Amino acid sequence: MTSRTSLRSPLGSVLGRGSAKNGVHHWWAQRASAMALAPLALWLLCSLAALPLADHASVAHWIGGGWHPVLLVLLIAVGAWHSQLGMQVVIEDYVRGTPKTALLLLSLYGHVLVAAAGIYAVLRVALRSFG
Amino acid sequence: MRARPTSPHTTIYTFRTMAFSLAHRVTGIVLAFGLVVLAYWLMAAAGGEDSYGAALAVLSFRVCKLLLWVLLAAFLYHLVSGLRHLSWDLVLGMEKRQTRVSSVLVVLLVLALLGLFTWLLFFRTVAP
């Protein structure tokens with residue numbers, strides 16, 4: 001404990017600056033996204049293992065087929081969300097000051113960019129198979 | 001800012017707890033970059049046969065294949081270890097002895113799945 005120059009008690013100094021009131025939401029979102037992500041990601045892995053990955057026609061056909069685009073969009077959206085929540089905790093734990101703010105913004109924008117690209121790509125493949 | 005209370009650091013835990021917790025974080029960070037690879041692969045597929053072929057050529061470099069394998073290993077660890085964390089959230093298996101057993105189970109399950117998917121994805125070609 002660092003030496004205290006204030007007359008306020010340790011409890012008093014903590015009471016005024018406590019929880020930011022969104023910790024539970026973060027914790028809950030992390031778990032909820034994890035539970036959705038586990039089956040989705042396992043489904044993608046098993047599908048990749050069964051696909052002829054070198055053949056573009058087969059891959060595009062699989063991406064656009066049936067419920068696959070729906071599940072892929074969900075996987076990307078929930079995956080990016082879960083990843084952003086996790087990276088936020090890591091950055092907040094290990095980085096201080098201006099670099100922390102910069103990294104938090106970089107992580108947020110990066111995740112949104114990746115999610116947008118992934119979802120756009122899935123929709124592009126899926127909608128083209130109608131045309 | 002004055003020194004604020006911080007959450008417990010890695011050093012207060014046993015080595016095993018620290019190592020598994022750290023591995024969960026490190027694999028999570030690796031997987032954030034895995035999302036980039038997934039988006040790259042999907043964008044390449046959306047671009048048509050030529051762009052897909054170009055991306056496949058990049059991903060087929062030996063160093064890229066190694067990185068993809070690291071990604072696979074990170075995913076499998078994060079998945080299995082994540083299930084262990086979720087069970088702790090339900091206050092299941094939190095006794096000292098149970099956590100020791102489940103840590104061994106995590107390693108065994110990850111190694112088994114890694115062996116299986118390494119063979120399926122890297123040592124087998126599926127005909128179109």
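Student: What percentage of the contacts in chain B with a separation of 6 or more comes from residues 24 or more positions apart?
Tutor: This is a predicted model, where local features need pLDDT of at least 70, side-chain atom pairs count only at pLDDT 80 or more, and totals for chains, interfaces and linings use all residues. Residues are numbered from 1 along each chain as its sequence is written, chains are lettered from A and ligands numbered from 1 in the order in which they are written. Two residues are in contact if their C-beta atoms, placed from the backbone, lie within 7 Å. Among chain B contacts with a separation of 6 or more, the share from residues 24 or more positions apart is 68%.

Student: What box do the C-alpha atoms of chain B fill?
Tutor: The box is taken along the principal axes. Its dimensions are roughly 55 × 45 × 25 Å.

Student: How many helices are there in chain B?
Tutor: Helices (H or I, at least four residues) and strands (E, at least two) are DSSP runs, numbered from the N terminus. Chain B has zero strands. Its elements run α-α-α-α from the N terminus on. The helix count is four.

Student: Which residues of helix α3 in chain A are buried?
Tutor: A residue is buried if 20 or more other C-beta atoms lie within 10 Å of its own, exposed if 12 or fewer, and partly exposed in between, with C-beta atoms placed from the backbone. Of the 131 residues of chain A, 22% count as buried. Helix α3 spans residues 56-64. Its buried residues are A:His56, A:Val59, A:Ala60, A:Trp62, A:Ile63 and A:Gly64.

Student: Which helix supplies the largest share of the side of chain A that touches chain B?
Tutor: Here 33 residues of chain A are in contact with 29 residues of chain B. On the chain A side, α2, α3, α4 and α5 each supply at least two residues. The largest share, ten residues, comes from α2(A).
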